[in-house]
Amino acid sequence: MSEEHVQQEETEQVEEQQPEPQDDRLLRLAADFENYKKRAARERQEYVRLANERLIAELIPILDDLERALAAAEEHQEAQLEDGVELVHRSLAALLARHGVTPIETEGKFDPHVHEALLSQPSEAEEGSVIDVVQKGYKLGERVVRPARVVVAAPPAVTEEPEGDA
């Protein structure tokens, strides 16, 4: 082989090892995008942690109220126990309302988007209407957190009367 031919092969090998400028830009862009995705994921986790921390800080006083109500129950102070439980209920309901949690309406017709029918019972009420609430449901904004578990009215039971021979 000639010396010129060997130099040409070495030059081609060196050129193959060095990425082209366009490939280099694409690699950098891909690496930047990966770094962005990781940073965005870390920031989302931090937002969730801070939101949970704030909610927990607001729940702790309610826990204190519940402990006081339980202490009153140990001392057989029924009136104070009832007052304490009512205070805890009001406090927790107010806290949830401040955070956008609202109870699901259960009056009227059954709505499969917000109600879960546990059973249907024959009733004089209009067919398909909610006649009993087994467990309240809640929404966070427009999103259902837990559907209301309800009993739905079925058509009244038809009873056949025995025909007598006259």
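K37 and E34 sit three residues apart in helix α2, so about one helical turn separates them. Their side chains meet in a salt bridge, 3.2 Å from N to O; a salt bridge here is a side-chain nitrogen of Lys or Arg within 4 Å of a carboxyl oxygen of Asp or Glu. This is a predicted model, in which local features need pLDDT of at least 70, side-chain atom pairs count only at pLDDT 80 or more, and totals for chains, interfaces and linings use all residues. Residues are numbered from 1 along each chain as its sequence is written, and side-chain values use heavy atoms, leaving out hydrogens and water.

**Salt bridges**

- The whole structure holds seven salt bridges.
- K37 is partly exposed at 38% relative accessibility, and E34 is partly exposed at 37%. (Buried means under 20% relative accessible area, exposed over 50%, partly exposed in between, with a 1.4 Å probe and protein chains only.)
- D24 and R28 form another salt bridge, at 3.3 Å from N to O. Both lie in α2, four residues apart, about one turn of the helix.
- D24 is partly exposed at 29%, whereas R28 is exposed at 56%.
- R49 pairs with E53, with the closest N and O atoms 3.0 Å apart. These two are four residues apart in α2, so about one helical turn lies between them.
- R49 is partly exposed at 42%, as is E53 at 45%.
- A network of salt bridges links E46, R49 and E53.

**Helix α2**

- Helix α2 covers residues 21-74. Helices (H or I, at least four residues) and strands (E, at least two) are DSSP runs, numbered from the N terminus.
- Its 54 residues should span 80 Å at 1.5 Å a residue, and the end C-alpha atoms are 78 Å apart, which agrees. The expected span is 1.5 Å times one less than the number of residues.
- Buried residues in α2 are A40, I62, D65, A69 and A72.
- The cover over these buried residues includes α3 (78-98).
- H76 follows α2 and has a positive phi, near 60°.

**Helix α3**

- Helix α3 has 21 residues and reaches 30 Å from first to last C-alpha, close to the 30 Å expected.
- G84, V88 and L95 are buried in α3. They cover an arc of only 35° around the axis, which puts them on the same side of α3. The arc is that of the directions from the helix axis to the C-beta atoms.
- These buried residues pack against α2, where contact means heavy atoms within 4.5 Å.
- The face turned away from the buried side carries exposed E78, A79, H89 and R90.
- Just after α3, G100 takes a positive phi of about 90°.

**Nonpolar core**

- The largest nonpolar core has six residues: I104, V114, V130, A148, V150 and V152. Strand β6 (residues 148-154) gives the most to this core, with three residues.
- Such a core is a set of buried Ala, Val, Leu, Ile, Met, Phe, Trp, Tyr and Cys residues joined through side-chain atoms within 4.5 Å.
- Leaving aside neighbours within four places in sequence, V130 has contacts that include T106, F110, H115 and V150.

**S129**

- S129 lies in the loop between β2 (115-122) and β3 (130-135).
- S129 is buried, at 11% relative accessible area.
- A polar atom of the S129 side chain lies 2.7 Å from the backbone oxygen of E126.
- Not counting residues up to four places away in sequence, S129 touches G108, K109, F110, V151, V152 and A153.

Key
A polar contact is a pair of N or O atoms within 3.5 Å; within protein, one must be able to donate a hydrogen and the other to accept it, and residues adjacent in sequence count only if both atoms are side-chain atoms.
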